[in-house]
Amino acid sequence: MNASVYLNEAGVTCALGDGLDAVGRALFADDRPHGVAVSERWSPGRPLAVGEVPGVLADLSDCPLPLRSRNNALLRMAYAQIRAGCEQAIARYGAHRVAVVLGTSTSGIGETEAVMAQRHAEGPWPARFHYAQQEIGAPSRFLAAESGARGPAWTVSTACSSSAKALASAARLLRAGIADAVIAGGADSLCAFTIAGFSALEAVSAQRCNPFSQRRNGINIGEGAALFLLTREPGPVRLAGWGETADAHHISAPDPHGAMAVVAVEQALARAGLRAGDIDYVNLHGTATAQNDAMESQVVAASVGQGVPVSSTKPLTGHTLGAAGAVEAALCWLSIARNPHALLPPHWWDGEADPTLPALAFARPGERAGRPLRHVLSHSFAFGGSNAVLMFGAG
């Protein structure tokens, strides 16, 4: 089976807001950058810019203890936005023909952090903690239980490419005829562990990140969840292609030349039957670290050219790690399906381009494309040289 794959429903929660309408308004706002804000909640005594989901998260008190986590609360919020469509898919195809594929990197490790002090002081683990909360498989188990889907269910964890690879996995399930519908995406939640880890790499910026600037000095950690209902039935956005490669270069640093990242872009173009000139916009991985931005600018220049509009949305959402591919897929979904004025997601930075990097066409706040966006590319480049590129097309 070689059918087209569509993202029929989309749900997202991130620092820009909860739901497509709120996120879309904040994404395309041209007055100021929204989302990321300075907080000490996750780094006491050290104010840092982070992409925290605003407001009260979903209540999980009705769930078994092993499935209660901040990560799964974010998933519940995103799933609520597509629940009706998923229930219709289950009724139509049967629960065993609906699969779940998610990406994450933190899972529920924040729940372990929250009880460690009590564990050290008192000996036994507190009753509110269960080891399975932090398991990588917990998000997919939670969403299978939440939705009633009974098809294949698993979690992908390949650092920052996780949920982009989850969407590609969902497409393969559909094209192979193993499932008729897939609930796919990802979630990652803020915790001290990830902030401390990236701080140890000297990769965290205290202020809003500044991607591709000569003054860039690191990332903002963020959190969020995005989910999609994928089927072979026509919908507003098509997953037209994808590419997945590995650098095999270094445990954390990317190949400085981005050779295999270019191959991932070429794979996505080939699967979609498109040429570089067909691309209307590229959502950059754009972490604002010295090595990633240097590599990625070369990838863009070598694959689709320096004239295509590009932006990094991480100054708005923060780097949502294992959820980044899915959260940014939701921003691409909005750019295609709910963007009547053909606005480009803006690149918020200081405008001080790094003269050592290829010059790219960064989208300005309020800038519009010359036509409705029809072909949008999204990059996800991860630790270990895991590269995932998604190509979205208008349905």
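The model is predicted.

**Exercise 1.** What should α9 span at 1.5 Å a residue, and what is the distance between its end C-alpha atoms?

Solution. Step one: the expected span is 1.5 Å times one less than the number of residues. Step two: α9 has 14 residues, so it should span 20 Å. Step three: the end C-alpha atoms of α9 lie 20 Å apart, which agrees.

**Exercise 2.** Which residues of α9 are buried, and against which elements do they pack?

Solution. Buried means under 20% relative accessible area. The residues of α9 that count as buried are Asn292, Asp293, Ala294, Met295, Glu296, Ser297, Val299, Val300 and Ser303. Their packing partners are the helix α8 (259–272) and the strands β10 (281–284), β11 (309–312) and β13 (375–382).

**Exercise 3.** What radius of gyration would a compact globule of 395 residues have, and what does the chain have?

Solution. The globule rule is 2.2 Å times the number of residues to the power 0.38. For 395 residues a compact globule would therefore come near 21 Å; the chain has 20 Å, which agrees. The C-alpha trace spans about 60 × 55 × 40 Å along its principal axes. Of the 395 residues, 60% count as buried.

Conventions. Residues numbered from 1 in each chain as written. Predicted model: local features only at pLDDT ≥ 70, side-chain atom pairs only at ≥ 80, totals over all residues. Heavy atoms only, no water. Buried < 20%, exposed > 50% of the residue type's maximum accessible area, 1.4 Å probe, protein only. Helix = DSSP H or I, 4+ residues; strand = E, 2+ residues; numbered from the N terminus. Contact = heavy atoms within 4.5 Å.
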